[in-house]
Amino acid sequence: MKEISGLYVIVDPHQMGGKDLVAITRLISEGGADIIQLRNKLDPEQTVLEQAKKIKEVCKINNTVFIVNDRMDISKLVGADGVHVGRDDTPVETCRKYLGENFIIGNSNSTFKEAQQSSSLNLDYVAIGSLFETKTKKDTMPSSVEVIRNLKTSGYSIPIVGIGGINKERVLQVIDAGANAVCISSAITQSSKPKIETQEIKKLMLSYEK
């Protein structure tokens, strides 16, 4: 199973200002993103399936981990590396039974208590957020980098992905708190130069020493 660490980018065709989904994803993957998640909750199933197939090929070329949001069926059909589920999506247990032990499964959390409860599930990472105010997703629960810091201090062993309102100026705060991966969406996908933005954020992360 591939590692959950580094730069995690969510690509959503409805959060790109009209840009081509696959073209932007290719630039992000080439720029050094470690993980890419396709999130599309608005288009028909067949459209999402075709998008997932194309993004899977892009990720394969660049050895980028590919995650599909919510749709465990599409994740399995295209041979993605995993699936991410939110609070109101398919339960982790159902995903694990359907996908098997070799698929990555992550879920969304906002509080210390939620993350502790998630630690009893058969998953591979927890996303903690929204760490900062975000316009990308409207139904997020507020969280903070202190939740990540407290989890790490308590000896929490599941990989943690920090998410929500993160940009180049905030990324080191999230790493400093102890996150294994930093998830960014609009700060990269809506950038005028997404490949360069990805490269600069990745360089910043690699240069960090706590």
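Where is N63 found? N63 sits in the loop between helix 2 (45-62) and strand 3 (65-69); helices (H or I, at least four residues) and strands (E, at least two) are DSSP runs, numbered from the N terminus. This is a predicted model, in which local features need pLDDT of at least 70 and side-chain atom pairs count only at pLDDT 80 or more, while totals for chains, interfaces and linings use all residues. Residues are numbered from 1 along each chain as its sequence is written, and side-chain values use heavy atoms, with hydrogens and water left out.

View 1. N63 has a positive phi, near 55°, and is a residue other than glycine. With a relative accessible area of 61%, N63 is exposed (buried means under 20% relative accessible area, exposed over 50%, partly exposed in between, with a 1.4 Å probe and protein chains only). D70, in the loop between strand 3 and helix 3, also is not a glycine and has a positive phi of about 70°. D70 counts as buried, at 19% relative accessibility. The peptide bond from G129 to S130 is cis, with omega near 10°, and S130 lies in the loop between strand 6 and helix 6.

**View 2. Helix 4 and its buried side.** Helix 4 spans residues 92-99, and V92, C95, R96 and L99 are buried in it. These residues cover an arc of only 100° around the axis, so they are on the same side of helix 4; the arc is that of the directions from the helix axis to the C-beta atoms. E93 and K97, on the other side, are exposed. The buried residues of helix 4 pack against helix 3 (72-78), strand 4 (82-85) and strand 5, where contact means heavy atoms within 4.5 Å. G100 follows helix 4 and has a positive phi, near 90°.

**View 3. Helix 6 and its partners.** In helix 6 (residues 145-153), the residues V145, V147, I148 and L151 are buried. They line one face of the helix, because seen down the axis they fall within an arc of 155°. Their packing partners are helix 5 (112-118), strand 6 (125-128), strand 7 (160-163) and helix 7 (171-177). After helix 6 comes G155, with a positive phi near 90°.

**View 4. The second largest pocket and S118.** The space in this pocket is about 210 Å³. Its lining has 14 residues, of which R87, N107, S108, S118 and L121 lie nearest the centre. Strand 5 (104-109) and helix 5 each supply at least two residues of the lining. On a 1 Å grid over the protein atoms alone, a pocket is an open set of points with protein on both sides within 12 Å along at least five of seven lines, and lining residues have an atom within 4 Å of a point. S118 lies in helix 5 and counts as buried, at 4% relative accessibility. Apart from neighbours within four places in sequence, S118 is in contact with N107, N109, L123, V126, Y156 and I158.

**View 5. Cysteines C95 and C183.** The count of disulfides is 0, a disulfide being a pair of cysteine sulfur atoms within 2.5 Å. For C95, the closest cysteine sulfur is in C183, 17 Å away and too far for a bond. For C183, the closest is in C59, at 13 Å, also too far for a bond. C95 is buried, with a relative accessible area of 0%, and C183 counts as buried at 3%.

Notes: 1 Å grid on protein atoms, 1.4 Å probe; cavity = no way out; pocket = protein on both sides within 12 Å on 5 of 7 lines; lining within 4 Å. Points joined across faces, edges and corners; volume = space filled by probe spheres on them.
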